Amino acid sequence: MRKILTVVLLAVIAVMLIITVLEMPAIGDPANPTFNEIPQRYLEQGYEETGAVNMIASVITDYRAFDTIGEATVLFVAIAAAIANLKAH
């Protein structure tokens, strides 16, 4: 039962990561938002839109939350794999 649960959990994580990659814009595309007005908007309107005192924290938690949850998922999977390997022996 434990192996089945592990496989299901890993499959769900894999599907989430695949969906994330499919939603990403093409690399080097000049129409990417990163090459446009986005960084300037963060600096000019970030304090009013988020209400955060720390601009870095507001970008990470409000504007870039999708990336942050992806990074947290990677860390979670790494920790879960390490614990699974340590308990297996």
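**Pockets and helix packing**

Guide: The largest pocket is lined by 21 residues, and those nearest its centre are Met24, Pro25, Arg64, Phe66 and Asp67. On a 1 Å grid over the protein atoms alone, a pocket is an open set of points where a 1.4 Å probe fits, with protein on both sides within 12 Å along at least five of seven lines, and lining residues have an atom within 4 Å of a point. This is a predicted model, in which local features need pLDDT of at least 70 and side-chain atom pairs count only at pLDDT 80 or more, while totals for chains, interfaces and linings use all residues. Residues are numbered from 1 along each chain as its sequence is written, and side-chain values use heavy atoms, with hydrogens and water left out.

Visitor: What volume does the largest pocket have?

Guide: The largest pocket has a volume of about 670 Å³, a volume being the space filled by probe spheres set on the grid points, which are joined across faces, edges and corners.

Visitor: And which element supplies the largest share of its lining?

Guide: That is α4, with six residues, and α1, α2 (38-50) and α4 each supply at least two. Helices here are DSSP runs (H or I, at least four residues) numbered from the N terminus.

Visitor: What about the second largest pocket, how much space lies in it?

Guide: The second largest pocket holds about 400 Å³ of space. Of the 15 residues that line this pocket, Arg2, Thr6, Ala80, Ala81 and Ala84 are the closest to its centre. Again α4 gives the most to the lining, here with eight residues.

Visitor: Switching to packing, at what angle do α1 and α4 pack?

Guide: Helix α1 (residues 2-23) and helix α4 (residues 65-88) pack at about 155°, with their axes 12 Å apart; axes are lines fitted to C-alpha atoms, for helices over the stretch in contact, and angles run from 0 to 180 degrees between N-to-C directions. The two helices α1 and α4 are therefore roughly antiparallel to each other, a label for angles over 145 degrees.

Visitor: Which residues meet there?

Guide: From α1, Arg2, Leu9, Ile13 and Thr20 meet Phe66, Thr73, Phe76, Val77 and Lys87 of α4, where contact means heavy atoms within 4.5 Å.

Visitor: And how do α2 and α3 cross?

Guide: The axes of α2 and helix α3 (residues 55-63) come within 10 Å and cross at roughly 75°, so α2 and α3 are roughly perpendicular to each other, the label for 65 to 115 degrees. Among the residues that meet are Tyr42 and Tyr47 in α2, and Met55 and Tyr63 in α3.

Technical notes. Parallel < 35°, antiparallel > 145°, perpendicular 65-115°, else oblique.
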